[in-house]
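Hi,

Here is the structure I promised to pass on. Have a look at it first, and my notes come after.

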Amino acid sequence: MEAQHTPVLVAETIDWLAVKTGGLYVDATVGLGGHSLEIARRLGAGGRLLGLDRDTQALGIARSRLSEFGEKVTLVHANFSQIGEVFAERNLPPADGVLADLGVSSMQLDLGERGFSFRSRGPLDMRMDRDMEETASDIVNTAGEKELADLLYQFGEERDSRRIARTIVRARPIRDTEHLATVVAGARSVRGRQKLHPATKTFLALRIAVNREMEELGQFLSRVPATLSPGGRWVMLSYHSLEDRPVKQCFQRLAHEGVLKILTKKVIQASDAEIAANPRARSAKMRVAEKIDPDQPGTAGKYGMPQEEEWQE
């Protein structure tokens with residue numbers, strides 16, 4: 001499993017974090033530890049890395065991969081939205097950099113037993129944190145038709161949401177991921193050549209709903225600024241418009257308020273070479289900001305706000 005794990009935009013992430021010797025850095029979605037490993041290698045004497053993840057299975061793998069760094073690395077079972085609480089509990093000083101990669105890990109996608117993918121048969125689970133009670137099966141097999149249609153439209157931007165929801169309700173009980181994918185494929189309207197599997201958006205919507213991803217992302221975005229030191233870097237990796245939009249809007253708002261300076265004039269995306277080696281990097285978008293030092297006026301421009309063209313996609 002470790003050999004299959006390839007972190008996305010890792011070189012760009014490290015460059016933009018500008019890891020310095022002796023600094024404190026946070027990987028708020030440590031996953032299998034790919035980005036964390038590269039950060040830890042650059043910490044130097046006195047440097048520390050705090051890693052958060054809600055998936056205990058992923059944390060176990062990351063802990064093994066990062067064991068060589070000893071006390072420099074601390075891994076905590078926590079949702080990234082709890083970053084403020086973790087800092088308070090551990091009495092940590094403001095960090096020099098915070099990273100969040102919002103993608104699903106290779107392990108979660110590749111293990112059929114986790115139920116994230118339609119590519120192999122498995123239970124309709126999709127929980128990143130297995131301590132949570134509600135699974136995708138609970139939603140698929142108990143939600144009302146309208147509720148299910150609204151969920152697919154809101155979180156999956158699925159145009160055929162009503163037809164799919166109606167078909168799912170009629171086909172209940174939905175047994176597993178393969179069964180759901182077949183049902184959805186049969187309900188979808190065919191519009192020319194299909195680039196995506198017909199069930200892609202349905203699975204995405206269910207995953208977002210099960211893990212309350214948009215709610216957790218909103219809480220994370222609101223709490224990060226208080227954990228950053230002046231001059232601290234904030235790197236965000238998102239993979240679809242529902243994630244990228246609130247990140248972009250948050251950065252813009254905080255830049256207008258004079259809290260952040262946006263460093264990436266346009267979103268950073270993977271090179272053709274990286275996409276060829278790791279197709280999952282295709283949809284990745286990176287945005288980077290820096291917390292403004294109030295004692296250094298003028299370094300970020302008025303309010304830290306870039307010109308309009310600098311924050312357009």
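This is a predicted model: local features need pLDDT of at least 70, side-chain atom pairs count only at pLDDT 80 or more; totals for chains, interfaces and linings use all residues.

Residues are numbered from 1 along each chain as its sequence is written, and side-chain values use heavy atoms, with hydrogens and water left out.

Helix H11 covers residues 213–227 (helices are DSSP runs of H or I, at least four residues, and strands are E runs of at least two, numbered from the N terminus). There is a kink of about 25° at Leu221, shortly before Pro225 (the angle between axes fitted to the seven residues ending there and the seven starting there).

Now for the rings. The structure has four aromatic pairs (ring centres of Phe, Tyr or the six-membered ring of Trp within 6.5 Å; planes under 30 degrees apart are stacked, over 60 edge-to-face, the rest tilted). In one of them, Phe80 and Phe220 are stacked, at 4.5 Å centre to centre with 10° between the planes. Phe80 sits in the loop between strand S3 and H4 and Phe220 in H11, so this pair ties together parts 140 residues apart in sequence. Phe220 also pairs edge-to-face with Trp234, at 6.4 Å and 80°. Trp234 belongs to strand S5, 14 residues away. Both Phe220 and Trp234 are buried (under 20% relative accessible area, 1.4 Å probe, protein chains only; exposed is over 50%, partly exposed in between). Ring pairs join Phe80, Phe220, Trp234 and Phe251 into a cluster.

Cheers

Terms used: The expected span of a helix is 1.5 Å times one less than its number of residues.
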